[in-house]
Amino acid sequence: MTYRPAKAYLFLSALKNNLKRVQTAAPNSKVIAVIKANGYGHGMERVAHQLSTADAFGVASIDEAIMLRQKGFLHRILLLEGFFSETEIPEIIQNRLDIVIHSHHQLNWLLNNAISSQLNVWIKVDTGMHRLGFEPSELTSVITKLNVSPNEFCIQIMSHFASADEVSEEAKAFTHQQITTFNECCSEFNYGKSLANSAGILCYPQSHLDWVRPGITLYGGGSIPGLEKQAEAVMQLESEIISIKTISKGESVGYGNTWIAQRKSIIGVVAIGYGDGYPRHAQTGTPVLINGERVFLVGRVSMDMITVDLTDMKIQPQIGDCAVLWGKALSIDEIAHHASTISYEILCGITKRVPMIEVK
């Protein structure tokens, strides 16, 4: 039992609804639900149960995949970064895992080892992100080497968007160029293809192809300006006011004296901080909901506390009043913007001392 008021509520129906939204947006595509990094901080096993109608799961490493197998999940599981050593091949076969290959050393590991059963291989092509992937001009050679190998491979082809979630004209042009590059290099091959991430699913229907790979949108993040229907928030982070005090004009609040009251002010202390995963770099002006009313963070985020300006609240605040840090009525993307980061990082950063409470 914990008596500290910080807690995260997880709305399980939102996970299912967000997956249905993806399936509706891309009705002719199969879905690889990306649940790596402990289900984006929500708990991998919990998330997998709620997303069980997906056609496959995407994870980052073999230990994540094996955990899912040990919990009884029979879905196809794709290792999104492939394998890091050829010593992993027996476990990949034993656990019936799909693997990405993005480099020649991985290709050589597959070709130089006797593999007893058919292996699902996803060839990653670098269409401009320049992170992982073979050059488009190398695709034919890679496929040929796999096909002439005595090992049996079932081939798919994939790539990854760099800026599909950006709304500038330059970003849009870059995304369209990635789509063109992918289509051109794959045009002669009749293999399953995958390109669209969350933003691609929502904004570039021509990129849906055979498989889509939703990630952040399943968890209610990654909102895109101008898009009417956004995903439902899955996590709501809450705490309580533990102190209220009045300060005079000219007095400061918090470490470093970074915020100075420009008037007589009522300051509330909320029991949440970077020790819980609230972003330390959230700036003065970051919104917080106190009993549903929007107030603003002032001063620096501490390990266990933040301070908020309660001066203009319509209803007098009290000790124990609920503080919502993000959730259904306060987008995590807005908080991320004020902290100069992204919702992915914040969700993955919730620490173990914050209890997660399932809401069905």
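## The cavity

The largest cavity is lined by K124, V125, D126, T127, M129, R131, L132, S159, H160 and Q178. By class, this lining has 3 nonpolar, 4 polar and 3 charged residues. Ala, Val, Leu, Ile, Met, Phe, Trp, Tyr, Cys and Pro count as nonpolar, Asp, Glu, Lys and Arg as charged, and the others, Gly among them, as polar. The volume of the largest cavity is about 50 Å³. The structure holds 1 cavity of 30 Å³ or more.

The model is predicted: local features need pLDDT of at least 70, side-chain atom pairs count only at pLDDT 80 or more, and totals for chains, interfaces and linings use all residues. Residues are numbered from 1 along each chain as its sequence is written, and side-chain values use heavy atoms, with hydrogens and water left out.

## The largest pocket

The largest pocket holds about 930 Å³ of space. On a 1 Å grid over the protein atoms alone, a cavity is a set of points where a 1.4 Å probe fits but cannot get out, while a pocket is an open set with protein on both sides within 12 Å along at least five of seven lines; lining residues have an atom within 4 Å of a point. Volume is the space filled by probe spheres set on the points, with grid points joined across faces, edges and corners.

The pocket lining counts 40 residues, and H160, D165, N197, I216 and Y344 lie nearest the centre. Elements giving two or more residues to this lining are α2 (36-40), α9 (198-203), α10 (332-338) and α11 (343-348). Helices (H or I, at least four residues) and strands (E, at least two) are DSSP runs, numbered from the N terminus. The pocket lining divides into 22 nonpolar, 10 polar and 8 charged residues.

Y40 and Y344 make a tilted pair, with ring centres 6.1 Å apart and planes at 35°. Y40 sits in helix α2 and Y344 in helix α11, so the pair ties together parts 304 residues apart in sequence. Y40 is buried at 7% relative accessible area, while Y344 is partly exposed at 31%. Buried means under 20%, exposed over 50%, partly exposed in between (1.4 Å probe, protein chains only). Y40, Y219 and Y344 form one aromatic cluster.

The charged end of K328 sits over the ring of F11, 4.4 Å from its centre. This requires NZ of Lys or CZ of Arg within 6 Å of the ring centre and within 35 degrees of the ring normal.

## Salt bridges

The whole structure has 10 salt bridges (a side-chain nitrogen of Lys or Arg within 4 Å of a carboxyl oxygen of Asp or Glu). One of them joins R353 and D276 at 2.7 Å, N to O. R353 lies in the loop between α11 and β18 (356-359), D276 in the loop between β13 and β14 (287-290), 77 residues apart. D276 is buried, with a relative accessible area of 0%; R353 is partly exposed at 37%. A network of salt bridges links R4, D276, D304 and R353.

E169 and K172 also meet in a salt bridge, 3.8 Å from N to O. They are 3 residues apart in helix α8 (residues 169-186), about one helical turn. E169 is exposed at 57%, and K172 partly exposed at 32%.

Key:
Rings of Phe, Tyr and Trp (its six-membered ring) pair if their centres lie within 6.5 Å; planes under 30 degrees apart count as stacked, over 60 as edge-to-face and the rest as tilted.
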